[in-house]
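Hi,

Here is the structure I said I would pass on. Have a look at it first, and then read my notes below.

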Amino acid sequence: MARILALDFGQKRTGIAVTDELQIIASGLTTVDTNELLNFLSDYTSKESVELIIVGKPKQMNNEDSQSEEFIKPFLEKLTKKFPSIPIQREDERFTSKMAFQTMIDSGLKKKQRRNKALVDEISATIILQSYLYRE
């Protein structure tokens with residue numbers, strides 16, 4: 001089986017998570033500068049088989065798209081053109097940053113480590129991927 005990638009897309013940074021080949025375990029992979037994201041994904045997919053990309057869908061409490069969605073849509077068009085053979089699905093990402101921060105506290109990370117926004121993005125991507133896996 002191929003892996004599933006999940007992206008917590010941000011204007012500056014994007015957190016990335018990936019499943020194992022059996023698609024059972026979601027793990028944080030890295031956080032990359034969003035300007036380098038397509039290059040990173042090209043490199044990654046040349047080395048690893050990816051069958052699906054999950055992109056977080058930011059929503060407001062009333063279930064409407066958040067303002068961040070306007071930055072994600074152009075990226076999704078580029079992503080679809082760059083990887084036409086890999087399907088893209090969306091997953092609700094409400095509360096993932098708060099959940100990621102709480103995970104950092106629960107795991108005993110010190111205050112200085114919890115300020116690492118790149119780590120929050122990576123953990124958020126992992127939560128998005130876990131959410132997808134649980135639903136499937």
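Isoleucine 24 is exposed, as its relative accessible area is 59% (exposed means over 50%, buried under 20%, partly exposed in between, with a 1.4 Å probe and protein chains only). You'll find isoleucine 24 in the loop between β2 (13-19) and β3 (26-33); helices here are DSSP runs of H or I with at least four residues, strands are E runs of at least two, and both are numbered from the N terminus. Together with Leu22 and Ile25, Ile24 makes a nonpolar surface patch of about 330 Å². For such a patch, residues need over 30% relative accessible area and no salt bridge, and nonpolar side chains (Val, Leu, Ile, Met, Phe, Trp, Tyr) are joined within 5 Å, while like charges are joined within 9 Å. A salt bridge here is a side-chain nitrogen of Lys or Arg within 4 Å of a carboxyl oxygen of Asp or Glu. Areas are Shrake-Rupley values with a 1.4 Å probe, and for residues only the protein chains shown count as cover.

Before you go further: this is a predicted model, with local features needing pLDDT of at least 70 and side-chain atom pairs counted only at pLDDT 80 or more, whereas totals for chains, interfaces and linings use all residues. Residues are numbered from 1 along each chain as its sequence is written, and side-chain values use heavy atoms, leaving out hydrogens and water.

On the overall fold, the protein chain has five helices and five strands, in the order β-β-β-α-β-α-β-α-α-α along the sequence. Of its 136 residues, 42% count as buried. The accessible surface of the chain is about 8,000 Å², with 50% of that belonging to carbon and sulfur atoms. Taking contacts (heavy atoms within 4.5 Å) between residues at least 6 apart in sequence, 61% join residues at least 24 apart.

Now the inside. The largest nonpolar core has 18 residues, and Leu5, Leu7, Leu37, Ile53 and Leu79 touch the most other members. A core is a set of buried Ala, Val, Leu, Ile, Met, Phe, Trp, Tyr and Cys residues joined through side-chain atoms within 4.5 Å. At least two residues of this core come from each of β1 (3-8), β2, α1 (37-47), β4 (50-57) and α2 (69-82), and α2 gives the largest share, four residues. Apart from this core there is another, of 11 residues, including Ala17, Leu52, Leu129 and Leu133. Leaving aside residues up to four places away in sequence, Ile53 touches Leu5, Leu7, Leu79, Ile86, Pro87, Ile88 and Gln89.

Threonine 126 sits in helix α5 (residues 117-135) and is buried, at 12% relative accessible area. A polar atom of its side chain is 3.0 Å from the backbone oxygen of glutamate 122. Beyond four places in sequence, Thr126 touches Ala17, Ala26, Ser27 and Gly28.

Over on helix α2 is phenylalanine 71, which is partly exposed at 36% relative accessible area. Phe71 touches Phe9 and Gln11, not counting residues up to four places away in sequence. Phenylalanine 71 and glutamine 11 are 60 residues apart along the chain, and their C-alpha atoms are separated by 7.2 Å.

Last one: asparagine 39, in helix α1, is partly exposed, with a relative accessible area of 48%. Its C-alpha atom is separated by 9.9 Å from that of lysine 82, 43 residues apart along the chain.

Cheers

Notes: Polar contact = N/O pair within 3.5 Å; in protein donor to acceptor, adjacent residues only side chain to side chain.
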